[in-house]
Every structure is written in C-alpha cells, then in structure tokens.
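Subject: Structure handover

Hello,

Here is the structure I promised to pass on. Please open it alongside this message.

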Amino acid sequence: MGRIILLLLSVLSAGFSGAQTPIETGRYLATAADCVACHTSSNGRPFVGGRPFHTPFGILYSTNITPDKKTGIGHYTLQDFAASMRRGVGLHGNLYPAMPYTSYYRITDDDIAALYAYFMQLPAVEYVAPKNDLLFPANLRFGLKAWNLAFFDRQPVSEIAGKSPEWQRGNYLVNALGHCGECHTPRNFAFALKRDESLAGNVLEGWDAVDIRPQALQRQGWDRASLRELFRSGASEPGAAFGEMFRVVKHSLSHLSDSDLDAMITYLLDGNETAAEASGDVGGNPGSAADNYPEGRGDFVAYCAACHGREGTGTTIAFAPAMDRNAGVRGENPYNTIAVILRGLPAQRMSRTNARAGMPGFASELSDARVAGLVNFMRTAWGDPGGEVTEDQVAKIREDLRKHGFIGEKK
C-alpha cells in the first residue's frame, strides 16, 4: 500500500508542478474536486452553500465550507476535516452521501492537508443554508450510521499492474478527486453506488449522466482529441456538455493542467483511442431503414432541420451541432435525446468568448408517439439504434421530467 501511495503522490506532484505552497496546491485540488459547483447556490458567493439537490428522498442543501466559525468549518481541525471528507462525519453528525465522501475517502493524506490549508484561508462568510426537506426516515441523521455500515465500500484506489503512470494518475483523478462515479454510476434503492456497475451511467436531475466506460465512449464517437476539446471548451463535434456536466467543465475540467486532462482521458478510454464509425442509414436514400419512420422524418424537417440541417449536418458547434456525429444519437441509451426534445436546452456561457445558443423544448407540441418516431428516425439515420424507442418509454421519461418540474403539463 505504501508503494502505491508514493506512486500516486509522485504522479500527483507532476500534475501541477507550478504549485509551490500547500495553499496553491489546495486551490488546484479544490478545482479538480469541483467543490465550488456544489457549494455555491445560483448567483451566490463561492463555497457558502445553499445549492439544492433533488433526491428521491427530498431536497438537500449544500453547506457552508468557508472558515466561518459560526456557520462554516472554522472550528474544524485537520482531523475533523479529514473525517468529513473520508468518512462523512462532521462536527454536527453524519453527512448525507450527496457529499461524495464515498469517493473522497480515497484522497491521499497530503492532498487532504493541502485542501484543508486552502479552505482555512478563504474569507469567512456567515451564512446558513436552508433546512433540508427530506421524507421520513431519511430526515433522521442517525440512520446514516447504518447506511454507512451497509453500503459504504472503502476499496482504495490501487495500482493496476501493467498500466502506465499516466493511467494511474487518471484513475486517481476520475475515481477520487473528480468523483465522476458519483453521477455516472447507477444507484440502488438506498441511493448507494452500485460498485459493480461503476461509470455505467445514471439518470440525475432529468438527464442521463451517460455511460463513460471505454467501449461506451468509443460507441458514442469519442476519441482523445474530441474529449480534450469537450473538457476544455464544453463542446466538441460529438456533442456538448449540459446540465451538471456543464458546471463540471466550467468550474473544474477546463482549469486542469494539460497533463491531468490527458491522464483522465487515458484512463477513460483505456486503449480505445479510435472512435467507432456510426452505422446509420440516412433517410431519403432508396431503401433506407430510416424511411421506416416517415412521420419522424417529417417532424425532423419541421422542428429540427432549420438549425441542424435536413441531412443532419448542423451549422456550428456553438449554434446547432451535427446529428450525424452526435454522441447522444449514437449512444445506447436514448434518454438524453428524448429529454432534449421534450425540455430543450438553456443557453450556456463558458466565458465572454465561448457561448452556445439554447434550444426550445417541444413537450407541449409533440405527443409521445411522435417523439418516439422522431428519435427512431434520428437514431436509424445517424446513430446505431440497437433497439426501437417505444411510446411507453417516452411517456415514462415525460412523466419523470414533469414530476420533477423540468417540463410543464402535457397538453
């Protein structure tokens, strides 16, 4: 174990060699861990908390992690900080696993100390987040002790024989600091991670946090160059980041060093460096399989073609990306394609010079049957369908989005 930790630390220091003090190191690590995205409410001050998280058990609010002694973590010692990060135990009781201590427990001692040094020198802000609104018995914190005993799997990030130092570094960034599995891994009835399905995808806040295992990324059309562009700018030819992933790119991934981004990509692709070719059958060609969905093609022309082109070639990545190279269309799970059609996408701004146009939703205009036909046409024309989308599938996704307030009532 000691050799493993030394290896990780040596690779870690190479990831941000410009950092010279524990505070500078901690600032970088807090960025890699994406702390600001969760602990900052909409238009709020960084790290003061108050952002709501919608769970199957109700609404949780993130807490104040500035060093304010009354409402933040100003009274925390290094040992207290480590306990909250690694075991989910704060000074006021057990933390809910929306705080990703189920991944952070893998963070090394030196990195915990650097994070502590950084947070303790932030400006102290007095702020109390709204009270959690959770169903019984989830609102009883003492039950979290039993949850930890039953579901908290403390397997360490370990060295994998035959893998390069870059891959090992990527493993640490993805599975510890970056805690990617907290969104991209399915959860069980108790909202615990299904470790045997790590990174296999999970529906979260009305979007599918997609399968990011190597073969799935290859199927979706991702390669090293396109992933690097996505992580740097938020958009690439195969697709754009939206929902929570947009926040991850804006606040975390886009600020990492080139070596760390490459390490993450090396781990995620795991040798699947070449994107798979889409096996679509473009509608309009004689005998095309996509022409089995004539109403779907008609709706694509009516609702989508003005921006995405009649043949799915798109305009620009920032305005309307191509459908014939789109990862969502090519993915095995059609959830996001259906959800985008129903709820649309907001305009997004990474910086003054990097912004993307929004897209309206069509939940009130297209029935479940027509959405299914549209998605089947797109996936057959430009993707790799792997199974026909049914009206019932669309209805279930529509109801899920409606129930959580992401779309209005169906007309």
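Below are the notes on its domains, cores and sheet.

This is a predicted model: local features need pLDDT of at least 70, side-chain atom pairs count only at pLDDT 80 or more, and totals for chains, interfaces and linings use all residues. Residues are numbered from 1 along each chain as its sequence is written, and side-chain values use heavy atoms, with hydrogens and water left out.

Domains. The chain splits into domain 1 (20-151), domain 2 (165-276) and domain 3 (284-403). These bounds come from an automatic or database domain assignment. The centres of domain 1 and domain 3, taken over C-alpha atoms, are 37 Å apart.

Cores. A nonpolar core is a set of buried Ala, Val, Leu, Ile, Met, Phe, Trp, Tyr and Cys residues joined through side-chain atoms within 4.5 Å. Buried means under 20% relative accessible area (1.4 Å probe, protein chains only). The largest nonpolar core has 57 residues, and I107 and F119 have the most contacts inside it. Domain 1 and domain 2 both give residues to this core, so it lies between them. Apart from it lies another core, of 30 residues, including Y293 and F300.

Three strands form an open sheet in the order 1-2-5, with antiparallel pairing. Strands are DSSP runs of E, at least two residues, numbered from the N terminus. Two strands pair if DSSP finds at least two bridges between them. Strand 1 (52-55) and strand 5 (133-134) are the edge strands. Four bridges join strand 1 to strand 2 (residues 58-61). P52 stands opposite Y61 in strand 2.

Best wishes

Methods:
Buried < 20%, exposed > 50% of the residue type's maximum accessible area, 1.4 Å probe, protein only.
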